[in-house]
Amino acid sequence: TAGIKVDLKKAVICIDIDEETNIPLLPKKAFNKYIDYLYCYTKVSAPHPGALMHFWLYDGQLQSSEKVRIRPDSNAAWSRMEMSPDKKGSWQVDIRLENGDLLGSTKFKLK
């Protein structure tokens, strides 16, 4: 959308989201490889119309991409990714606008 500058205010990986308060629960940089799911929680500076894209990468390879709606009450959005013990190591989630512009990334490890 022309004229609206959107900045990434926060990007964390966590084990769940409190949907009543839109707060990430137990955000960390490393997780046990036997965890079932992880969430990428992002918060942006403006209630950008439309959505963001979350690209989940493992060792630099795209595993999943998901369009996530920004909640206007909190300017937050999140996606969930199923984890697997055979994919331990370095992960990254790239956060982009729908037009492809990169807002930022967050990295984590499965140990």
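This is a predicted model: local features need pLDDT of at least 70, side-chain atom pairs count only at pLDDT 80 or more; totals for chains, interfaces and linings use all residues.
Glu98 is partly exposed, with a relative accessible area of 42%.

**Salt bridges**

Glu98 forms a salt bridge with Lys67, and the closest N and O atoms of the two lie 3.0 Å apart. The pair links distant parts of the chain: Glu98 sits in the loop between β9 (89–97) and β10 (102–110), while Lys67 is in strand β7 (residues 61–69), 31 residues apart. Lys67 is partly exposed as well, at 46% relative accessible area.

How many salt bridges does a search of the whole structure find? It finds two. The other joins Lys5 to Asp7, with 3.0 Å between the closest N and O atoms. In general, side chains of opposite charge can pair when their charged atoms come close.

The table lists the accessibility of the residues involved.

| Residue | Relative accessible area | Class |
|---|---|---|
| Lys5 | 59% | exposed |
| Asp7 | 32% | partly exposed |
| Lys67 | 46% | partly exposed |
| Glu98 | 42% | partly exposed |

Lys5 counts as exposed because its relative accessible area of 59% is over the 50% cut-off.

Is strand β5 (residues 37–44) mostly covered or mostly uncovered? Strand β5 is mostly covered, since six of its eight residues are buried.

Strand β5 pairs with two strands described here. Strand β1 (residues 8–14) runs antiparallel to β5 and is joined to it by six bridges; in this pairing Leu8 stands opposite Val44. Strand β8 (residues 76–82) also pairs with β5 in the antiparallel sense, over seven bridges.

Terms used. Residues are numbered from 1 along each chain as its sequence is written. Side-chain values use heavy atoms; hydrogens and water are left out. Buried means under 20% relative accessible area, exposed over 50%, partly exposed in between (1.4 Å probe, protein chains only). Helices (H or I, at least four residues) and strands (E, at least two) are DSSP runs, numbered from the N terminus. Two strands pair if DSSP finds at least two bridges between them. A salt bridge is a side-chain nitrogen of Lys or Arg within 4 Å of a carboxyl oxygen of Asp or Glu.
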